[in-house]
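Hi everyone, thanks for coming. Let me put the sequence and the model up on the screen, and then I'll talk you through a few spots.

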Amino acid sequence: MSSRDAFSWTVVIAGYVKHGFAEDALTLFYQMRQSNIQPDQFIFASVLPACAKLGDLEQGMAIHHEITRNGFQFDLYVGSALVDLYAKCGRIEKARDVFDKMPQRDAVSWNAMIAGYMQNGLVEEALQFFRKMPERNVVSWNTMISAYAKDGPFEEALTLYHEMQLAGIQPNNFTFASVLPACVEMGNLKQGMEIHKEIVRSGYQCDIFVANALIDMYAKCSNMEKARDVFDKMPLRDVVSWNAMIGGYAQIGHVDEALKIFQKMPEQNMVSWSTMIAAYVRDGLCQEALTLFYQMRRKGIQPNEFTFASVLPACARLEALEQGIEIHEEIIRCDYQFDTFVGNALVNMYAKCGCIEKSWQLFQEMHYRDVISWNAMLSGYAQNGYFVEALEVFQEMQLAGVKPDTDTFTSVLSACSGLADLDRGMEIHQEIIRNGFQLNVSVGSALLDMYVKCGSIEKAHDVFKQMPQRNAISWTAMIAGYSLNGHAMEALKLFGEMELAGVEPDSKAFVSILPACANLGALELGMEIHEHIIRSGLQDDLFAASALVDMYAKCGNIEKSRHLFDKMQERNVVSWTTMIAGYAIHGNAKEAIELFEQMQHSGLKPNHVTLICILSACCHAGLVEKGWQFFKSMSEHYQITPTMDHYSCMVDLFARAGQLDEAHEFINKMPLKPDATVWACLLGACRIHNNVELGNLVAEQLFKSDIKDAAPYVLLSNVYATAGKWDGTERVRKMMKDRKVKKTPGCSWIEVNKQVHTFLAEDQLLA
């Protein structure tokens, strides 16, 4: 332009602001001042919004001074722009001061003030101002509705929407796009559908912003059929439309449908990729999530904090430490390492990958920690076996004033379970009650598990009975509790109640109930549960299959046990050990040893339980030399330090073979102090081989502690009885009486028509 007047500058400055080039607008304003063009009220009213958009209060105040010098402070348009500037920069008192001094005010001035109050969290003041307005236009109503729909109370947004209609103000596209999120937050699909009808009557159904709000509303209310209908009828779609559909399908677990939408998108943005990655992780498809993340990076799309917080859980679940470290390095390059959501995901990822020290380091470096941060650290310690440290973190969390939630208590209870610390667990139980979480199903299940693992089956039962809702986890925890604590009959009864309650057992439930069948020798019931497993499609589940192998072996059907073992698609060390144990209890030492060798050829190393089983097999078959070789190889070949159970097996091995002196010598050379089980093994052999002298020595060692188990006393009494030393038998009986040791009555089970019946010694039921 050859000559530029104030009007020309105003048009260009206003154009820059309108299209988002606020910095350029300010630069142009100062160029104009250098050109000696005197700004008028229109130029000032055009440039102030640039300062507001940039949040540049200093520049805005400088321009305000210039406005005052030029005498434009009472201009309606300039005054409204100043109110808007100060409100958006958080100086609401200054905005109010300008507003109060305005000789004239229009709807723009009032709306700027209302928006300012809402943006600064002063909801009551905004509402009072709104009620005082001489005349409200659609913008006034929209400002209030959108603020309530965003920050709540959400009911107020709907109330104002209906008031607006009663006042005769016709909603526009912004009104509809603002009120629909309130329906989402309230879960009020019915109200949302009513508004949809009004949208159609008003002719806004094809407006892209309104249609996007409708899709979002239907998707978040899990009505994807209606969301898809709106989406398909849109004449134009933007990336928001596509992303809303992807997010909706992902939310209800329809990952395949989400992927189809994702692949059809004309152009995917960072939100599209991040939503799809999060959907894969939520559905347990962690490898696919990682693959998608790397595809995103190859396409040159820059991840944000949401992307990183979504992909890191995939690394955690896969224990993919290498990929996790790579992503961590990229997070640092992108400067997201101090974002709370990303920090939480990093703490969790390193903990799940076993790098607990790195997890703790990152936790300490976090600028802000929310309850999720503390929970990530708590669960990390608990899951990695650092139970004491988990409880210490919980204590620190309380001192920091962070309110625990259900996940907090679930992790803390897990730590108490790991320590078998009943007293601490009971203290946590009281805290749970004080925090009002005692009726939560997840916390209830964790309480059950804690009491079970601490050996307090009665308290576990009390918690179970008080639970208003029970899921598969609760039932399974209680069944496992009965089964692990020797209450097999109660476990079977509860499993039946679980089925009657309509709760479908999962793999863990079957794994918990099958040992009860095994312990009772209830083969028919075990076979029925096997059929149930097949109907549930869990016959190939590694843990369920291993439990079936164990059940059939312990119920006497070793052929069926081996058949199921051979059919297993996947085997771990537990599977192999279970089958070896089955052969051991059936006295099939040859098959047990062959299987032990096959296990090693498959690339799996035996653990300490496997060695107990193979020693037991040698013991039952009298293979002293072979057993001795296995025992010596524990430290040399398998790097396993023998425990008391291994030493007990060796004593039993020597004793059963009649080598009592060797067994006694072996005990005396043990690096561990022999416990009652070890001495009882030798005492039993003394009875069989009628060795009273050694029996007396063994009994002397055994009874140094105040043993309440009647079995060793009965063994010694039998040693004396076999040798005809009745005075010795009488002494043992007196010792039992003095120590208040009672002999447990003999117990038998019989299964008739899938019902297990229990009989005690001297039972008169069949007399």
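This is a predicted model: local features need pLDDT of at least 70, side-chain atom pairs count only at pLDDT 80 or more; totals for chains, interfaces and linings use all residues.

Residues are numbered from 1 along each chain as its sequence is written, and side-chain values use heavy atoms, with hydrogens and water left out.

Okay, the whole chain. What does its secondary structure come to? We get 44 helices and two strands. Helices here are DSSP runs of H or I with at least four residues, strands are runs of E with at least two, and the numbering goes from the N terminus.

Now the overall dimensions. The C-alpha atoms fill a box of roughly 130 × 55 × 50 Å along the principal axes. The radius of gyration of the chain is 38 Å, whereas a compact globule of 767 residues would have one near 27 Å. That radius is taken over C-alpha atoms, and the globule rule is 2.2 Å times the number of residues to the power 0.38.

How much of the chain is buried? The figure is 47% of the 767 residues. Buried means under 20% relative accessible area, exposed means over 50%, and partly exposed is in between, using a 1.4 Å probe and protein chains only. As for contacts (heavy atoms within 4.5 Å), take those between residues at least 6 apart in sequence: 58% of them join residues at least 24 apart.

Helix α9, residues 138-151, packs with helix α11, residues 173-186, at an angle of about 25 degrees, and their axes are 9 Å apart. That makes α9 roughly parallel to α11. The axes are lines fitted to C-alpha atoms, for helices over the stretch in contact, and angles run from 0 to 180 degrees between N-to-C directions. Under 35 degrees counts as roughly parallel, over 145 as roughly antiparallel, 65 to 115 as roughly perpendicular, and the rest as oblique.

From α9, the contact uses V138, N142, I145, S146 and A149, and from α11 it uses F174, T175, S178, V179, A182 and E185. Sorted by type, the residues of this α9 and α11 contact are six nonpolar, four polar and one charged. For that sorting, Ala, Val, Leu, Ile, Met, Phe, Trp, Tyr, Cys and Pro are nonpolar, Asp, Glu, Lys and Arg are charged, and the others, Gly among them, are polar.

Last, the single residues. Is T340 buried or exposed? T340 is buried, at 15% relative accessible area. T340 lies in helix α21, residues 340-352, and touches M366, Y368, D370 and S373, leaving aside residues up to four places away in sequence.

S222 isn't a glycine, yet its phi is positive, about 65 degrees. S222 sits in the loop between α13 (208-220) and α14 (224-233) and is partly exposed at 44%.

Q639 also has a positive phi, near 55 degrees, and is a residue other than glycine. Look for Q639 in the loop between α38 (624-637) and α39 (644-656); at 55% relative accessibility, Q639 counts as exposed.
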